[in-house]
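Student: Please take me through this structure feature by feature. For each one I would like the general idea and then the case at hand.

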Amino acid sequence: MRQTRILGVGMYLPEREVTNQELEAIKELETSDEWIRQRTGILSRRFVSEGESGTDLAVHASREAIDNAGLSPDDIDFVIYATLSPDYFFPGNGCFLQDRLFADRTIGAMDVRNQCSGFIYSLAMADSLIKSGQYERILIVGSEIHSTALNFTFSGRDLSVLFGDGAGAVVVGPAPNGHPGILASALHSEGKYAKELWTEYPASAHHPRISHESLDQGRHYPQMNGRMVFKHAITRMVEVSHQVLAEAGKAVAEVDLLLPHQANMRINQMVASQLGIPEEKVVNTIAWTGNTTAATIPICMHEALKQGKLKENDLVLLTAFGAGFTWAASLLHW
Ligand code: UT7
């Protein structure tokens, strides 16, 4: 059976950098650079400017990934777009991206709604589609805009300091003969915790979907039980990492690089330490990106390549946890 390999990687962050000091200056937020740094490891993040959409970010990241693969948009035959912050309720962002990048070709485009695990879920789907022979070159993009949904007052400060906007993309296709490619993927969900990290409005579950009352109550902002998410994230990311290693018959000591989801530096330090993976084998970008949910892992991959840390034949472990709860891992032979 043929295997799947990542052929190219791209990323894009909006130009506007927002430092912790800038957030500290928002009086109603009652936060500080020191608190954000110590509790999360974040120093700055990027926010879009008025008029810049998630699709805009995705276009930049996708172009770089396609170019980095040595391909042109004409070579792509399917699009998977992972996001929790689509430009509109419907249609999905995959369609907007199809129009921007492949306007003269009606290739399939779908959205994946799995929050922070969205990229790994998408990679696992793409892996199956490549292995089955249905497609030859699939573009996967994770793109998010959080800044337009954050509550910059005291009641939203736990979340508003954490998130950033950005996009990351990869192109996948068949691995050369004999190359092991993606060795194992594992996907999980536990919907009983769906409301521990969620956005309640607007929603088709409400009549009407949004109201003056819900707006006045700030129920269109995301809400999170931070401590609970934190604890579950560590347990599940470690657990699912062991699962993919076992499925692939590999030991932790064989892992060359861990590219974890970027939600909190302390989560990643604990995950690495509980797995027994030394710091120098981990790439983090959270200090300058914040949490970009579905975009974090391809952005991390891009950074690892840039730093020369990700090399041919490396064993690479990806793991993520987020709203849903959903969590996932993937083990790749690079
Ligand atoms: O992508 C997956 C989804 N997200 C995550 O994985 C995030 C998971 N959770 C976290 O990263 C952490 O729980 C947070 C960073 C959100 C919070 O850190 P924490 O160490 O768990 O803090 P805490 O919620 O226990 O709060 C400690 C204190 C509280 O004050 P008191 O009650 O001790 O007086 C909070 O009110 O910190 C306060 N606090 C803040 N202070 C300054 C909470 N947010 C802020 C803030 N600035 N932004």
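Student: How many residues of helix α11 are buried?

Tutor: Buried means under 20% relative accessible area, exposed over 50%, and partly exposed in between, with a 1.4 Å probe and protein chains only. Helices (H or I, at least four residues) and strands (E, at least two) are DSSP runs, numbered from the N terminus. Helix α11 covers residues 296–306 and is mostly covered, with 9 of its 11 residues buried. Among them are Ile297, Ile299, Cys300 and Met301, and also His302 and Glu303. An α-helix has 3.6 residues a turn, so residues three or four places apart point the same way. Just after α11, glycine 308 takes a positive phi of about 75°.

Student: What sort of model is this, and how are residues numbered?

Tutor: It is a predicted model, in which local features need pLDDT of at least 70 and side-chain atom pairs count only at pLDDT 80 or more, while totals for chains, interfaces and linings use all residues. Residues are numbered from 1 along each chain as its sequence is written, and side-chain values use heavy atoms, with hydrogens and water left out.

Student: Which residues does glutamate 64 contact, leaving aside its neighbours within four places in sequence?

Tutor: Contact means heavy atoms within 4.5 Å. Apart from those neighbours, glutamate 64 is in contact with Val9, Gly10, Met11 and His302. His302 is one of the buried residues of α11. Glutamate 64 itself is found in helix α3 (residues 54–68) and is partly exposed, at a relative accessible area of 33%. The C-alpha atoms of glutamate 64 and alanine 287 are separated by 23 Å, and these two residues are 223 apart along the chain.

Student: What does the chain as a whole contain, and how compact is it?

Tutor: The chain has 11 helices and 13 strands. Its radius of gyration is 19 Å, close to the 20 Å that the globule rule gives for 334 residues, so the chain is as compact as a globular protein of that length. That radius is taken over C-alpha atoms, and the rule is 2.2 Å times the number of residues to the power 0.38. The C-alpha trace spans about 60 × 50 × 35 Å along its principal axes. Of the 334 residues, 54% are buried. Among contacts between residues at least 6 apart in sequence, 79% join residues at least 24 apart.

Student: How many aromatic pairs are there, and how do I read one?

Tutor: A pair of aromatic rings is described by the distance of the centres and the angle of the planes. Rings of Phe, Tyr and Trp (its six-membered ring) pair if their centres lie within 6.5 Å; planes under 30 degrees apart count as stacked, over 60 as edge-to-face and the rest as tilted. A search of the whole structure finds 6 such pairs. In one of these, phenylalanine 47 and phenylalanine 152 have ring centres 6.1 Å apart and planes at 55°, so the pair is tilted. Phenylalanine 47 lies in strand β3 (residues 44–47) and phenylalanine 152 in the loop between β6 (138–144) and α6 (157–160), so the pair ties together parts that are 105 residues apart in sequence. Phenylalanine 47 is buried at 4% relative accessibility, whereas phenylalanine 152 is partly exposed at 23%.

Student: Is the pair of tyrosine 193 and phenylalanine 325 stacked or tilted?

Tutor: That pair is stacked, at 5.0 Å centre to centre and 25° between the planes. Tyrosine 193 lies in the loop between β8 (182–189) and β9 (197–198) and phenylalanine 325 in the loop between β12 (315–322) and β13 (326–333), so the pair ties together parts that are 132 residues apart in sequence. Both residues are buried. Tyr193, Phe321, Phe325 and Trp327 form one aromatic cluster.

Student: Where are the backbone exceptions, such as a cis peptide bond or a positive phi?

Tutor: Most residues other than glycine have a negative phi, and most peptide bonds are trans. A cis bond joins glycine 324 and phenylalanine 325, with omega about -20°. The bond from histidine 207 to proline 208 is also cis, with omega near -5°, and proline 208 sits in the loop between β9 and α7 (212–216). Glutamate 30, not a glycine, has a positive phi of about 50° and lies in the loop between α1 (20–24) and α2 (33–40). Glutamine 115 has a positive phi of about 50° too; it lies in the loop between β5 (108–112) and α5 (118–131) and counts as buried at 15% relative accessibility.
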